[in-house]
Amino acid sequence: MIFKKFNIENKKARDLIPQAITVLALLSVIIYFATNAQINMGNRGISFGFGFLNQEASFDITFSMIEYDGSHSYGRAFLVGLLNTILVSVIGIFFATIMGVIVGISRLSDNYLIAKVAEWYVEIFRNIPLILQIFFWYFAALRALPLPENGISFYDISFLTIKGWYVPKFIWTNFNIFLLSVIAAFIAIYFITSYATKQREQFGKQIPTTIISLATLILIPLITFLFLGVSLTFEYPVLKQLSPTVFTYAGGVSIIPELIALALALSMYTATFIAENVRAGILGVGKGQKEAAASIGLNKNQILKLVVMPQALRIIIPPTTNQYLNLTKNSSLAAAIAYPDIVLVFAGTALMQTGRAIEIISITMLTYLTLSISISIFMNWYNKKMAIKEK
Amino acid sequence: MIKSIKTWILVGFASLLLVACGQGGGGAGSKKSKTLDNTKKAGFVKCGVSQGLPGFSNADEAGNWTGIDVDVCRAVAAAVLGDADKVKYTPLSAKERFTALTSGEIDVLARNTTWTLSRDADIGLTFVGVNFYDGQGFMVRKNSGINSVNDFRNGISACTNTGTTTELNMRDFFNSKNISYEPIAFEKADEVVAAYDAGRCDTYTTDKSGLAAQRTKMSNPDEHKVLPETISKEPLGPVVRQGDAVWEDIVRWSLNTMIEAEEYGVNSSNASSLKDSENPAIKRLVGSEGELGAAFGLDNDWSLRIIEQVGNYGESYKKHIADTGILPNRGPNQLWTKGGILYVPPAR
């Protein structure tokens with residue numbers, strides 16, 4: 001219509017012009033906002049720049065996986081927050097997946113009780129706002145846990161208290177050799193499995209790869225302990241008195257209650273959605289597939305493992321990727337319960353101390369974008385690997 | 001074809017956005033006060049307050065805000081609009097407060113905010129004065145056996161708010177004492193109180209006025225005490241955006257008027273009867289001498305309205321902080337003539 005009017009008949013031009021105009025319009029919007037922000041900031045005496053990242057942060061953080069104290073830079077504080085976000089996301093994704101699969105399969109169980117419990121779990125936990133669940137686990141757990149002097153003891157080497165879960169600290173000698181041996185074990189397992197696959201495909205021989213792999217994973221590192229001077233000792237947490245009624249534990253590693261509550265809330269919440277994906281996936285596999293598998297003599301476990309699951313995974317993976325992304329982004333609610341993630345540490349304290357709102361929020365958004373895209377890329381690769389291969 | 005229609009819709013939407021944005025934006029900083037004009041046009045003062053700190057800015061069940069910080073905004077409203085009640089309050093977290101001010105969402109920030117060099121100079125803000133001299137302290141449980149900061153030992157856990165000077169002072173303090181500590185920083189004060197109350201941390205640190213106010217929220221306030229030491233200077237005061245000198249003056253002198261009124265014994269009940277006072281300083285305060293309001297484009301009764309509708313600083317302190325049992329003793333927040341450090345430049 002409009003093209004005819006302007007007499008643009010060339011198909012290439014017709015396709016290109018609207019797109020070019022869109023890009024130009026978008027660019028001008030962005031440039032307009034940027035210049036406007038710049039003028040406004042200039043008028044109010046605010047400068048723009050990233051030099052602050054090298055300045056001394058001068059605030060401390062409760063929980064850090066790398067060495068950090070207030071004398072480090074804001075850039076380092078950013079890294080601490082980022083690692084903490086990744087940590088809680090990885091823990092959350094791990095447990096959410098396990099629980100999701102178990103609950104999803106349970107919902108299809110023939111056992112009435114199991115199926116009903118799974119159904120109630122899903123309906124309750126997916127319908128309550130996540131932030132309330134986080135508060136619930138944090139404050140309920142805080143109120144329920146004992147003070148350090150009455151901590152719940154696990155064989156006197158680990159203690160669960162209101163101030164955290166104190167576990168023994170691993171003290172390694174020659175850790176590098178141990179790490180290399182684990183890598184070597186994984187490489188060996190890779191070759192064993194590919195050899196086993198070849199044997200099965202060419203000669204129909206079944207090699208019990210699971211047991212062999214497990215043995216390799218234990219045996220190779222064990223050798224380093226026996227012959228290559230690797231050793232491991234533990235530093236146990238010990239009760240320490242700070243004042244007549246104030247106690248804490250010294251030594252060992254403290255897993256802070258904020259991390260426990262957040263990981264618990266995130267995985268309980270996300271597991272409900274994953275469970276529904278799993279249920280949908282299993283129900284999506286044709287009945288004939290199971291009957292065919294049964295007719296060639298596979299037992300119930302084999303049917304699930306060899307026939308149903310590989311096909312169900314194709315349905316399960318894409319929506320589950322969304323849940324992984326959601327979980328990672330939801331972990332930003334951490335700030336409410338003082339878990340030092342990137343939002344609390346960087347977009348919170350660092351933003352306040354420096355006043356660099358635009359710079360810090362841009363960096364934080366870019367970080368979440370990068371995290372999400374990385375998860376997407378990985379899951380897309382996994383999805384492709386699991387997809388039907390036409391032969 | 002469908003694809004190209006979509007594209008055209010997008011283009012249309014983008015240009016619409018452009019037009020819409022063209023009307024907003026623009027900078028402050030002309031010689032006349034844009035903020036004053038906007039405030040008069042809107043009919044209310046846009047005031048940023050805390051999310052609930054008894055004595056400073058706290059809302060009751062009916063949503064009425066009270067406190068000495070709130071009174072600063074009420075004073076500005078009385079001076080500018082003639083009615084102290086014409087204030088729109090925006091509760092802000094420590095993190096949000098400066099952005100809300102620099103972006104123009106609020107025009108006065110009266111939210112127990114510490115005046116520091118970097119805040120004043122670096123991020124487009126101007127502090128106009130001090131309405132409460134405070135200092136950071138520590139709260140502990142009475143039965144803890146901790147009677148002074150010298151009783152703190154390695155491994156103590158301390159709860160506080162994020163995004164405050166408190167976090168920095170705490171580190172300076174523990175470092176100078178060579179004590180290792182566990183800092184637990186929450187976004188909102190209510191969560192700090194809940195976590196400390198549950199026993200997650202051994203001590204709660206913030207401004208002493210804040211400690212006194214939050215103690216009233218504990219499940220059993222009598223079980224807690226504030227340690228005697230003060231580890232920092234925390235001059236709390238109202239803040240405005242940089243670049244509007246007239247508005248800055250209005251807020252500054254609204255606060256100063258309240259303090260000066262107390263100094264000269266002018267209060268909400270006697271102000272109008274003092275129009276014929278023999279003291280020229282009092283006459284200037286109640287607007288019967290001089291043309292002081294003209295300097296910021298206000299009438300001459302602006303200061304009288306502040307005193308009549310809001311009261312002087314002493315009345316405000318008594319009503320919100322002393323009578324509520326938060327800090328009955330005025331300490332440094334007493335007039336300079338009575339042994340405190342409240343001292344404002346003369347209004348003349």
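**Before you click**

This is a predicted model, in which local features need pLDDT of at least 70 and side-chain atom pairs count only at pLDDT 80 or more, while totals for chains, interfaces and linings use all residues. Residues are numbered from 1 along each chain as its sequence is written, and chains are lettered from A and ligands numbered from 1 in the order in which they are written.

**Stop 1: chain A**

Select chain A and colour it by secondary structure. You'll find twelve helices and eight strands; helices (H or I, at least four residues) and strands (E, at least two) are DSSP runs, numbered from the N terminus. Along the principal axes, the C-alpha atoms fill a box of roughly 80 × 70 × 50 Å.

How does the radius of gyration of chain A sit beside that of a compact globule of 391 residues? Such a globule would come out near 21 Å, but chain A has 27 Å. The radius is taken over C-alpha atoms, and the globule rule is 2.2 Å times the number of residues to the power 0.38.

Of its 391 residues, 28% count as buried. Buried means that 20 or more other C-beta atoms lie within 10 Å of a residue's own; exposed means 12 or fewer, partly exposed is in between, and C-beta atoms are placed from the backbone. As for contacts in chain A with a separation of 6 or more, 65% come from residues 24 or more positions apart. Two residues are in contact if their C-beta atoms, placed from the backbone, lie within 7 Å.

**Stop 2: helices of chain A**

Select residues 175–203 of chain A, which is helix H6. The expected span is 1.5 Å times one less than the number of residues. Just past H6(A), click A:Gly204, which has a positive phi of about 70°.

Next, show H3 (residues 74–107) and H10 (residues 300–330) of chain A: their axes are 9 Å apart and they pack at an angle of about 140°. Axes are lines fitted to C-alpha atoms, for helices over the stretch in contact, and angles run from 0 to 180 degrees between N-to-C directions. H3(A) and H10(A) are therefore oblique to each other: angles under 35 degrees count as roughly parallel, over 145 as roughly antiparallel, 65 to 115 as roughly perpendicular and the rest as oblique. To see where they meet, show A:Ser89, A:Gly92, A:Ile93 and A:Ala96 on H3(A), facing A:Tyr324, A:Leu327 and A:Thr328 on H10(A).

**Stop 3: chain B**

Switch to chain B, with its twelve helices and 14 strands. Its C-alpha trace spans about 85 × 60 × 40 Å along the principal axes, and 50% of its 348 residues count as buried.

Pick out H3 (residues 68–81) and H9 (residues 245–263) of chain B, whose axes come within 9 Å and cross at roughly 110°. That makes H3(B) roughly perpendicular to H9(B). The residues in contact are B:Val72, B:Ala75, B:Val76, B:Ala79 and B:Val80 from H3(B), with B:Ile250, B:Val251, B:Ser254, B:Leu255 and B:Met258 from H9(B).

**Stop 4: where the chains touch**

Show both chains. The contact takes 52 residues from chain B and 47 from chain A. On the chain B side, H1(B) gives the most, with ten residues.

Now select H6 of chain B, residues 165–177. Its buried residues include B:Thr165, B:Met170 and B:Phe173. Among the elements they pack against are helix H11 (342–354) of chain A and strand S9 (156–161) of chain B. Zoom in on B:Phe173: it counts as buried, with 20 C-beta neighbours inside 10 Å. The C-alpha atom of B:Val149, 24 residues away along the chain, is separated from that of B:Phe173 by 9.8 Å.

**Stop 5: two loop residues**

Most residues other than glycine have a negative phi. Go to A:Asp156, where phi is near 60°, a positive value. A:Asp156 is in the loop between strands S1 and S2 of chain A. Is A:Asp156 buried or exposed? It is exposed, with 9 other C-beta atoms within 10 Å.

Finish at B:Asn112, whose phi is also positive, near 25°. B:Asn112 sits in the loop between strand S5 and helix H5 of chain B, and it is buried, with 27 other C-beta atoms within 10 Å.
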